[in-house]
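Hello,

Here is the structure I promised to pass on. Please open it first, then read my notes below.

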Amino acid sequence: MMRFHPRRAVVGTLIGLAFILSIAIISFPDDSVAAMHRDKKGHVTSKSPSKTGPASGQHPRTKSEYCADQPDDDSINPAMFKQFLVDDKYKIIYCQVPKAACTNWRRMMLMLTGKMNATDPLKLRSPLVHGLYDRHLTHLKDMTPDQIIHRLKHYYKFMFTREPFERVLSAFRNKFQGKNVNDFFQNHYGKNIIKRFRTKGQEGVNLTFYEFVQYLIDSSRSEPFNEHWETISELCHPCKVQYDFIGSYSNIAADSKFVLAKIGATHLSFPDRSVTYKHSGTKKLLHQYYRDIPPGLLDQLMEVYYSDFLMFDYRVPQALRNMTHWRFGF
């Protein structure tokens with residue numbers, strides 16, 4: 001997925017001081033995983049600050065370079081469109097990004113079907129929106145390759161993104177913390193992550209944010225990411241799909257109003273966040289949660305979500321600017 005450079009070959013036989021200096025400047029493979037150790041608290045961290053980043057030349061510097069690095073395959077695999085919802089009446093395709101107003105946009109898509117016995121989208125309860133009511137929605141993945149190609153070419157395609165560090169924290173808080181602890185996520189993910197990363201003597205039964213970050217950067221992890229923390233690039237394939245509109249969670253009200261007007265659905269009003277959520281916004285809590293994450297781990301976390309920073313024009317949040325070694329370009 002990313003562009004990497006091969007190991008430099010050591011040429012000739014070097015002796016004495018020249019040999020020692022040559023060893024010091026050998027470049028190890030760019031795609032290798034940073035060495036890890038446990039700090040005094042028992043947390044897994046990198047041995048030294050990450051040296052990777054855009055300035056090192058390891059990564060594509062532009063969107064076109066990133067897309068050029070993707071597998072050159074024009075074939076259509078329906079399974080890759082599992083996040084895409086379709087409405088044939090309005091001729092729209094929406095890519096769902098969890099933790100980027102996904103639930104409210106599912107409410108919008110349900111209202112557009114005309115099958116909901118409600119005039120207020122918020123009357124559609126979240127568990128039903130993601131459960132029973134899903135039967136009323138049309139999924140692009142359920143169509144044939146020819147049907148998919150036709151809709152991708154002719155329909156209005158849109159999605160909404162969110163700053164990666166903020167989205168990661170939102171997923172953690174929503175699925176693993178306090179009153180929001182989700183039994184499925186706790187049993188399927190939380191317990192396994194704790195088993196892998198928790199040290200002896202550490203108290204608490206719930207997953208910590210530190211442990212969650214360690215899980216996200218763990219290269220030995222065998223199972224794929226859950227869609228709530230999968231990269232947006234992997235969910236919505238911005239290199240394959242030419243979107244007509246890409247909105248942002250930070251401007252969700254205005255961007256959603258624009259889309260509804262564009263598709264001829266001005267009779268619908270996008271729910272206000274103050275009505276949907278009663279707790280503090282995640283953006284305000286970034287420093288509180290990330291301050292205990294060593295810079296080396298934050299650098300590796302940015303490696304994981306590099307494609308989202310690049311493809312959707314995000315920068316490291318101001319609250320985290322002094323916590324990571326990534327400076328150039330982000």
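This is a predicted model: local features need pLDDT of at least 70, side-chain atom pairs count only at pLDDT 80 or more; totals for chains, interfaces and linings use all residues.

The buried residues of helix 5 are covered by, among other parts, strand 3 (84–87), strand 4 (92–95) and strand 6 (156–161). Helix 5 spans residues 145–154, and its buried residues are Ile-148, Arg-151 and Leu-152. Viewed down the helix axis, these residues fall within an arc of 100°, so they line one face of helix 5. An α-helix has 3.6 residues a turn, so residues three or four places apart point the same way. Asp-146 and Lys-153 are exposed, on the face of helix 5 turned away from its buried side.

Strand 3 and strand 4 pair in the antiparallel sense, over four bridges. One detail of the pairing: Asp-87 has Ile-92 of strand 4 as its bridge partner.

Lys-91 is not a glycine, yet its phi is positive, at about 55°. Lys-91 is partly exposed, with a relative accessible area of 46%. Asp-313 also has a positive phi, near 60°, and is a residue other than glycine. Asp-313 sits in the segment after helix 14 (306–311). Its relative accessible area is 59%, so Asp-313 counts as exposed. Most residues other than glycine have a negative phi. Both sites deserve a look on your screen.

Now the cores. Which residues have the most contacts inside the largest nonpolar core? They are Phe-209, Phe-212, Tyr-215, Leu-216, Trp-229 and Tyr-290, and this core has 60 residues. In soluble globular proteins, nonpolar side chains tend to be buried together.

Back to Tyr-290. Leaving aside residues up to four places away in sequence, Tyr-290 touches Phe-165, Val-168, Leu-169, Phe-209, Leu-298, Leu-301, Leu-320 and Met-323.

One surface position is also on my list. Ser-219 lies in the loop between helix 8 (209–216) and helix 9 (232–236). Ser-219 is exposed, with a relative accessible area of 52%. The C-alpha atoms of Ser-219 and Val-304 are separated by 9.9 Å, and the two residues are 85 apart along the chain.

Last, the totals. The chain has 14 helices and seven strands. Of its 330 residues, 48% are buried. Taking contacts between residues at least 6 apart in sequence, 70% join residues at least 24 apart. The chain exposes about 17800 Å², and carbon and sulfur atoms supply 52% of that area.

Best wishes

Methods: Residues are numbered from 1 along each chain as its sequence is written. Side-chain values use heavy atoms; hydrogens and water are left out. Buried means under 20% relative accessible area, exposed over 50%, partly exposed in between (1.4 Å probe, protein chains only). Helices (H or I, at least four residues) and strands (E, at least two) are DSSP runs, numbered from the N terminus. The arc is that of the directions from the helix axis to the C-beta atoms. Contact means heavy atoms within 4.5 Å. A nonpolar core is a set of buried Ala, Val, Leu, Ile, Met, Phe, Trp, Tyr and Cys residues joined through side-chain atoms within 4.5 Å. Two strands pair if DSSP finds at least two bridges between them. Accessible areas come from the Shrake-Rupley method with a 1.4 Å probe; for residues, only the protein chains shown count as cover.
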